[in-house]
Amino acid sequence: MTEILNWIMESIRTYGAWSVFIGVLIESVIAPIPSPLVIMGAGFILINPELSAGGAFIPVLLRIVLPGSVGSTLGAYVGYGIGYFGGKPLVDRWGRFLGFGWQEVDAVQQRLRKSRIKVTLFLLRAVPIFPLSPISAAAGFVRLSLGTFTLWTFYGSIPRCLVLGYLGWWIGETYRHLAHGIDRAETITSVLLILAVLALILWLRRKVSRDVLKGG
């Protein structure tokens, strides 16, 4: 991972925004790479430290936010595809052990479609401490339409890249330490998301059991 990260950073120094796009695309697919590191490193490398916060806005937008958001959106298709194509076969195969089938999952999907799923996806993508891969996989699992997923993933990536780009520019050479701190927060959030999924599974099991008893 260290060699890949060093290669990405050197590429950003040489090729600028194009390497930001490639770097974010790579870290979106390769989970062990700390997700904030590429964008924060780009902020440190590409943006003149002598600029004011206002003066840095356009360079951050053009060199970091736009290529980073496009790369993050395209990279998110991997997790989305895994959730979309793997979710239903997984439930169909292991439903008897899980205690619920795809019908119950579909009911949850219908409920989600009626809620503010777009805003939820936007916020989860925008806040840096939320892990991106599980969010993409969950969106695919609940069969969120590809168009909606693409649009709101891109929208949510914009403030994420903007905040991380500015942080990298602002704190300078110490960006790696803060990036690893944010990555640790992502790990903790991932554990909480796993617990939430387990809670959802238990809720579905109980719901199915109650429905069976009522039917009997």
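Contact here means heavy atoms within 4.5 Å. The model shown in these views is predicted.

Figure 1. T73 is part of helix α4. Leaving aside neighbours within four places in sequence, the residues in contact with T73 are T150, T153, F154 and S157. T73 counts as buried because its relative accessibility is 5%, and the cut-off for buried is under 20%. S28 lies 45 residues from T73 along the chain, and the C-alpha atoms of the two are separated by 8.7 Å.

**Figure 2. The chain as a whole.** The chain holds nine helices and zero strands, so that its elements, read from the N terminus, run α-α-α-α-α-α-α-α-α. Of the 216 residues in the chain, 40% are buried. Among contacts between residues at least 6 apart in sequence, 80% join residues at least 24 apart.

**Figure 3. The largest nonpolar core.** This core has 20 residues, and I12, V20, I39, L46 and I47 have the most contacts inside it. At least two core residues come from each of α1 (2-15), α2 (17-29), α3 (35-46), α4 (57-98) and α8 (146-171). Helix α3 gives the most, with six residues. A second, separate core has eight residues, among them Y80, L121, A139 and L144.

Figure 4. Helix α3 is mostly covered, with eleven of its twelve residues buried. The buried residues are S35, P36, L37, V38, I39, M40, G41, A42, G43, I45 and L46. I47 is in contact with A42, A56, P59, V60, R63, I64 and W169, leaving aside its neighbours within four places in sequence.

**Figure 5. The buried arginine R125.** R125 lies in helix α6, which spans residues 117-126. R125 is buried but has no salt bridge. The nearest side chain of opposite charge is that of E27, 7.4 Å away; a salt bridge needs a side-chain nitrogen of Lys or Arg within 4 Å of a carboxyl oxygen of Asp or Glu. Not counting residues up to four places away in sequence, R125 touches S72, A76, L132, I135, S136, T153, G156, S157 and R160.

**Figure 6. The buried face of helix α7.** Helix α7 covers residues 132-141, and L132, I135, S136, A139 and G140 in it are buried. Seen down the axis of α7, these buried residues fall within an arc of 135 degrees, so they line one face of the helix. Two of them, L132 and I135, are among the residues that R125 touches. A139 is one of the residues in the second core. Just after α7, R143 takes a positive phi of about 60 degrees.

**Figure 7. The salt bridge between E10 and R13.** A search of the whole structure finds one salt bridge. E10 forms a salt bridge with R13, with the closest N and O atoms 3.7 Å apart. Both residues lie in helix α1, three residues apart, which is about one turn of the helix. An α-helix has 3.6 residues a turn, so residues three or four places apart point the same way. E10 counts as partly exposed because its relative accessibility is 48%.

Note on methods
Residues are numbered from 1 along each chain as its sequence is written. This is a predicted model: local features need pLDDT of at least 70, side-chain atom pairs count only at pLDDT 80 or more; totals for chains, interfaces and linings use all residues. Side-chain values use heavy atoms; hydrogens and water are left out. Helices (H or I, at least four residues) and strands (E, at least two) are DSSP runs, numbered from the N terminus. Buried means under 20% relative accessible area, exposed over 50%, partly exposed in between (1.4 Å probe, protein chains only). Lys and Arg count as positive and Asp and Glu as negative; His and the chain ends are not counted. A nonpolar core is a set of buried Ala, Val, Leu, Ile, Met, Phe, Trp, Tyr and Cys residues joined through side-chain atoms within 4.5 Å. The arc is that of the directions from the helix axis to the C-beta atoms.
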